[in-house]
Amino acid sequence: MQHQVAVFARRAEQTRLGGIGQARNSMDRAAYLLLNRLERNGPMGVKALASGMGIDSSTVTRQVAPLVEGGLVTRTTHPDDGRAVVLKLSPHGTARLNQVRSSRRELMAVLTDDWTEEDRETFCRLLTRFNTAMEGIHPSTETPEVPAS
């Protein structure tokens with residue numbers, strides 16, 4: 001099992017599970033996870049985003065910078081504390097996220113084309129369980145998302 005997990009990790013990183021078509025390999029893992037988090041939880045500060053993802057605030061700041069520059073995320077000041085920054089997914093960010101997500105879902109469909117629906121559900125359930133167990137070793141407040149088929 002350890003070998004297969006290592007092979008999977010290498011292949012996932014090589015392809016970045018980048019999808020199919022024009023959106024293929026067009027968004028790195030960090031950007032994808034940050035945009036997903038902002039879409040799911042709404043606007044939030046850097047500290048909350050970092051805490052929720054189990055990473056350092058400086059890492060979030062560094063990863064968000066190109067997303068802001070690319071117009072995928074907007075920075076505004078907190079309404080109650082003008083010193084604090086609030087990050088929000090922009091309409092352009094939502095559109096890009098949907099495009100990349102669709103491309104990645106298409107890739108998953110191709111990769112599992114000869115699987116039964118039961119196989120897909122079992123794999124998804126077991127992968128979610130595996131990720132949850134990993135969460136227990138390296139805790140964060142990030143909740144593993146149950147992927148859509």
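The model is predicted: local features need pLDDT of at least 70, side-chain atom pairs count only at pLDDT 80 or more, and totals for chains, interfaces and linings use all residues. Residues are numbered from 1 along each chain as its sequence is written, and side-chain values use heavy atoms, leaving out hydrogens and water.

**Overall fold**
- The chain has 6 helices and 3 strands, taken as DSSP runs (helices H or I, at least four residues; strands E, at least two) numbered from the N terminus.
- Along the sequence they follow the pattern α-α-β-α-α-β-β-α-α.
- Of contacts (heavy atoms within 4.5 Å) between residues at least 6 apart in sequence, 53% join residues at least 24 apart.

**Burial**
- Of the 149 residues, 29% are buried, meaning under 20% relative accessible area with a 1.4 Å probe, protein chains only.

**Strands**
- Strands pair if DSSP finds at least two bridges between them.
- Strand β1 (residues 44-45) runs antiparallel to strand β3 (residues 85-89), with 2 bridges.
- Met44 has Leu87 as its bridge partner in β3.
- Strand β2 (residues 73-77) also pairs with β3 in the antiparallel sense, over 5 bridges.
- Thr74 has Lys88 as its bridge partner in β3.

**Helix contact**
- Helix α2 (residues 29-41) and helix α5 (residues 91-111) have axes that come within 10 Å and cross at roughly 115 degrees.
- Axes are lines fitted to C-alpha atoms over the stretch in contact, with angles from 0 to 180 degrees between N-to-C directions.
- On the α2 side, the contact uses Tyr32, Leu35, Asn36 and Glu39.
- On the α5 side, the residues include Thr94, Leu97 and Arg104.

Methods. Buried means under 20% relative accessible area, exposed over 50%, partly exposed in between (1.4 Å probe, protein chains only).
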